[in-house]
Amino acid sequence: MCIKKILKIFMINAVLFSLLFTISFMAACGGPVTTEEVIEEEAETVEQDEEEAAEEEEGEAEAEEEEGVVAEEEEAAVENMKIESTAFGNDEMIPINYTCDGEDINPPLTISGVPADAQSLVLIVDDPDAPTGTWLHWAVWNIGPATTEIPENSVPAGAVEGETDFGTPGYRGPCPPSGIHHYFFKLYVLDTTLELGVSATVQDIKEAMDDHILESAELVGLCER
């Protein structure tokens with residue numbers, strides 16, 4: 001802003017110098033010095049320069065405002081939906097209490113950043129390291145979109161639990177035969193609810209979710225035996 005003011009003063013001084021030079025030149029050449037006309041012409045030049053400077057400042061102000069809006073949108077975009085646990089962090093070991101060697105109950109989960117237009121949530125927990133292929137440990141759908149917490153050993157009110165690869169509905173904890181396995185807690189946001197029975201397979205769930213997923217997030221826990 002200081003630079004702009006300096007440039008503006010410089011332009012005004014240049015116009016005044018041009019005015020004085022024009023008057024002096026015409027007087028020296030013996031021509032008629034119409035001071036009023038010269039002053040009027042130079043005044044119009046000054047006014048035009050000021051209008052251009054004002055338009056430039058307005059344009060820069062609008063550009064700065066647009067940049068601010070973009071920055072806010074980018075910041076909001078960074079704050080995506082998350083699924084976390086107070087029992088373990090991402091890529092950390094799942095406490096034994098939530099495995100087949102403990103109480104075999106679901107760990108506490110927290111959910112944040114769910115889009116405002118969500119109609120329901122779906123939670124799928126599986127183990128892609130299982131010897132026979134990805135093994136389903138928990139499937140829950142029609143979770144209320146306002147849900148922010150799933151306490152340990154609980155199911156959100158109104159939600160439906162499907163049958164797991166253990167042959168029974170409900171949570172079954174990590175129970176790897178050997179080595180370290182990765183357990184994916186996958187959360188999906190849907191623009192609808194699912195009309196599925198408790199006997200629905202994970203494939204049924206995925207097919208029902210097709211074209212209805214607004215956003216997703218995941219938490220990975222580890223278990224070793």
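Start by selecting Asp-211, which is exposed, with a relative accessible area of 71%. Here, exposed means over 50% relative accessible area, buried means under 20%, and partly exposed is in between (1.4 Å probe, protein chains only). Before you go on, note that this is a predicted model: local features need pLDDT of at least 70, side-chain atom pairs count only at pLDDT 80 or more, and totals for chains, interfaces and linings use all residues. Residues are numbered from 1 along each chain as its sequence is written, and side-chain values use heavy atoms, with hydrogens and water left out.

Stay on Asp-211 and look to either side: you're in the loop between α3 (202-209) and β9 (213-224). The phi of Asp-211 is positive, about 70°, though this residue isn't a glycine. Most residues other than glycine have a negative phi.

Next, jump to Asp-91. You'll find Asp-91 in the loop linking β1 (82-84) and β2 (92-93). Asp-91 is partly exposed, at 46% relative accessible area. Its phi is positive too, near 65°, and Asp-91 is not a glycine either.

Now zoom out and colour by secondary structure. How many helices and strands does the protein chain have? There are three helices and nine strands, taken as DSSP runs (helices: H or I, at least four residues; strands: E, at least two) and numbered from the N terminus. Follow the chain along its sequence and the pattern reads α-α-β-β-β-β-β-β-β-β-α-β.

Of the 225 residues, 29% are buried.
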